[in-house]
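Please examine the sequence and the structure shown below before reading on. The briefing that follows is arranged by topic.

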Amino acid sequence: MESRHQPCMVIRAGILGYCMGVRRAVDMAIAASRGSPVYTLGPLIHNPQVLERLQEQGITILGEEQLPADLRDTVVIIRAHGITPQLEALLTGRGASVVDATCPRVKASQIQARSLTEQGYGVFLAGEAHHGELIGIQGYAPGCLIAANREEAEKAAEKRYREAPHERTALIGQTTISPDEYQAIGEGIRQFFPDVKILDTICRATRDRQRALRDLCSQVDAVLVAGGRASANTRRLLTIAQECGTPAWLVEDVHEIPPEIASYPVVGLAAGASTPDEIIDALEAALRGYLPVIEAPFSDSYYT
Ligand code: SF4
């Protein structure tokens with residue numbers, strides 16, 4: 001990055017970068033990429049540099065429809081979002097060695113969905129119907145109903161009520177759903193099933209990064225948000241910084257650092273949950289070309 005005016009101070013967000021589930025999935029993929037051909041079902045992570053590095057290590061991204069009929073002597077990595085048990089059975093049936101990198105939090109939702117269904121509960125899922133995580137959980141709860149908002153929840157609950165008014169019901173949320181949205185969906189179901197059991201399945205990793213960024217915005221004049229443009233949680237961080245009234249840029253690497261950043265006295269550094277440490281460190285090093293980076297103080301409550 002070219003130096004024009006030097007920022008007087010650079011502060012990193014108290015929490016930034018890889019969440020536990022993404023870090024675990026990337027580590028498992030790297031460990032698996034020694035020997036047999038390795039596939040991942042869909043991109044392992046929404047970060048172009050990491051995907052490029054994994055590809056260099058012989059890890060190929062495949063869609064479900066591209067899976068070879070014979071998977072003997074191949075490794076297939078299940079990404080953090082998880083998959084349906086039916087698809088997992090198909091993989092093993094074709095002879096694949098399956099490396100299950102499903103995030104433990106998502107796995108917990110899958111197990112609860114299966115257990116509740118087996119106990120006779122009518123299961124509702126809160127979140128995006130087309131998101132890989134919910135598609136996977138649906139496979140564990142055949143007949144479940146999905147709602148993305150309160151309106152959809154009321155409609156789904158009304159439908160269920162007409163079919164089985166005395167059924168016990170339960171609600172499982174996508175790990176990344178906003179708490180307000182989840183609560184609203186729960187209220188929608190309560191209109192028909194007042195005793196609906198609402199499970200606490202929300203992962204705090206996303207919220208923690210958002211809260212840390214809000215704190216950061218109160219201390220800085222501008223913010224760099226590091227991460228892939230394909231990453232929804234990274235883009236959301238950018239929006240939050242802008243909502244805070246802080247000039248902000250999303251940068252995928254050091255080459256994208258805007259020259260005007262140097263005109264702000266105090267600059268913050270944040271990163272999405274799929275941004276690797278090396279990108280954050282490289283940005284820090286580039287900014288450190290001006291002045292040392294300091295860590296923002298953080299609260300223990302950030303941790304999940
Ligand atoms: S955001 Fe949470 S649930 Fe999703 S992969 Fe990361 S740790 Fe797991």
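The points below concern the ligand site, the strands and helices, and the salt bridges. The model is predicted. The ligand takes up the space of the largest pocket, and a search of the whole structure finds 17 salt bridges.

**Ligand site**

- Four strands form an open sheet in the order 7-6-8-9, and their pairing is parallel.
- Strand 7 (145-147) and strand 9 (197-198) are the edge strands, since each pairs on one side only.
- Strand 6 (residues 122-126) pairs with strand 7 in the parallel sense over three bridges.
- Phe124 has Leu145 in strand 7 as its bridge partner.

**The β-α-β unit**
- A right-handed β-α-β unit is made by strand 10, helix 9 (residues 232-243) and strand 11.
- Within this unit, strand 10 (residues 222-226) and strand 11 (residues 248-251) pair in the parallel sense over four bridges.
- Val223 has Ala248 in strand 11 as its bridge partner.

- Side chains of opposite charge can pair when their charged atoms come close.
- Glu151 and Lys155 form a salt bridge, in which the closest N and O atoms are 4.0 Å apart.
- Both Glu151 and Lys155 lie in helix 6 (residues 150-163), where they are four residues apart, about one turn of the helix.

How values were computed:
Residues numbered from 1 in each chain as written. Predicted model: local features only at pLDDT ≥ 70, side-chain atom pairs only at ≥ 80, totals over all residues. Heavy atoms only, no water. 1 Å grid on protein atoms, 1.4 Å probe; cavity = no way out; pocket = protein on both sides within 12 Å on 5 of 7 lines; lining within 4 Å. Sits in = over half its atoms within 2 Å of the grid points. Pairing = 2+ DSSP bridges. Helix = DSSP H or I, 4+ residues; strand = E, 2+ residues; numbered from the N terminus. Right-handed = clockwise from strand over helix to strand, strands pointing away. Salt bridge = Lys/Arg side-chain N within 4 Å of Asp/Glu carboxyl O.
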